[in-house]
Amino acid sequence: MFLTLEEMFSKINERSAEKDFVVKISYCEIYNENIKDLLTSDDTALELREDPVKGICISGITEIICTGTTEVRKILRIGNKNRTMEPTGANEVSSRSHAVLQVVVEHKDKSGKDEIKVGKLSLIDLAGSERASNTNNRGIRLIEGANINRSLLALGNCINALSDAIEKGIKAPHVPYRDSKLTRLLKDSLGGNCRTVMVANLSPALAAFEDTHCLLYTSDAADDLLCVDL
């Protein structure tokens, strides 16, 4: 995440003589289908809203205006410290939530003649899928794992629905964004006029064969979502 934003600020600095830029950053996690602001100690679950101008947004989320990578590093450090992490049978430090860093960039010409243009970058660290038999999870860990798997399945279903629509030339496909908070939040980062990139973490282990196969299938479908306007 940090390297991506470092590159972004480098590009902004190259164009700062021509345009004025404002960069706003928010950082949240989706834990057991609840959205939590990682930049505050308040554990209150936040709600998703659909704004006619901004699109899908989180009501009450903390947004911090940043001017450089030093502030970004501080935000990531605070957010990662507040993220829900617990040990499991498979990992001593296991992410129990999906983390979503959203960056909104506003820019306009210094002349003031043009309208303000807005772009949004969403960087998502997905929690890994889990099998109860491999992790020996019980109680709350089992519930967390089930919610992680459910949201990952919903994300895969949305990606596959969009990919199939592109392949078949369907202009207004039904995409089940409402099946999870994760897919609702990422609606305008998957469909519409966007670029979607997925980085897959694969394992050569035989025990992970089925997970690896499913992940490769979904990643291949995600490759079809580049610059698509449905």
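Where is Glu33 found? This predicted model places Glu33 in the loop between S1 and S2. Its backbone deserves a look. Phi of Glu33 is near 65°. That is a positive value, and the residue is not a glycine. Glu33 has 23% relative accessibility, so it counts as partly exposed. The cut-off for buried is under 20%, and exposed means over 50%.

Now turn to helix H2. It covers residues 69-82, which makes 14 residues. From its first C-alpha to its last, H2 reaches 20 Å. At 1.5 Å a residue, 20 Å is expected, and the helix comes close to that.

Which residues of H2 are buried? They are Val72, Ile75, Leu76 and Gly79. Seen down the axis of H2, the buried residues fall within an arc of 100°, so they line one face of the helix. An α-helix has 3.6 residues a turn, so residues three or four places apart point the same way.

The other side of H2 reads differently. There, Thr70, Arg77 and Lys81 are exposed.

What covers the buried residues of H2? The cover includes helix H1 (2-14). It also includes three strands: S1 (19-31), S5 (64-66) and S8 (98-109).

Next, look at a pair of strands. Strand S3 takes in residues 48-51, and strand S4 takes in residues 55-58. How do S3 and S4 pair, parallel or antiparallel? They pair in the antiparallel sense, over four bridges. A hairpin joins S3 to S4 through three residues. Asp51 stands opposite Gly55 in S4.

Finally, go to helix H4, which spans residues 140-168. Asn160 lies in this helix. Is Asn160 buried or exposed? At 18% relative accessibility, Asn160 counts as buried, because buried means under 20%. Which residues does Asn160 touch, leaving aside those up to four places away in sequence? Its contacts are Tyr217 and Ala221.

Asn160, at 18%, counts as buried. Glu33, at 23%, counts as partly exposed.

Conventions. Residues are numbered from 1 along each chain as its sequence is written. This is a predicted model: local features need pLDDT of at least 70, side-chain atom pairs count only at pLDDT 80 or more; totals for chains, interfaces and linings use all residues. Side-chain values use heavy atoms; hydrogens and water are left out. Helices (H or I, at least four residues) and strands (E, at least two) are DSSP runs, numbered from the N terminus. Buried means under 20% relative accessible area, exposed over 50%, partly exposed in between (1.4 Å probe, protein chains only). Contact means heavy atoms within 4.5 Å. The expected span of a helix is 1.5 Å times one less than its number of residues. The arc is that of the directions from the helix axis to the C-beta atoms. Two strands pair if DSSP finds at least two bridges between them.
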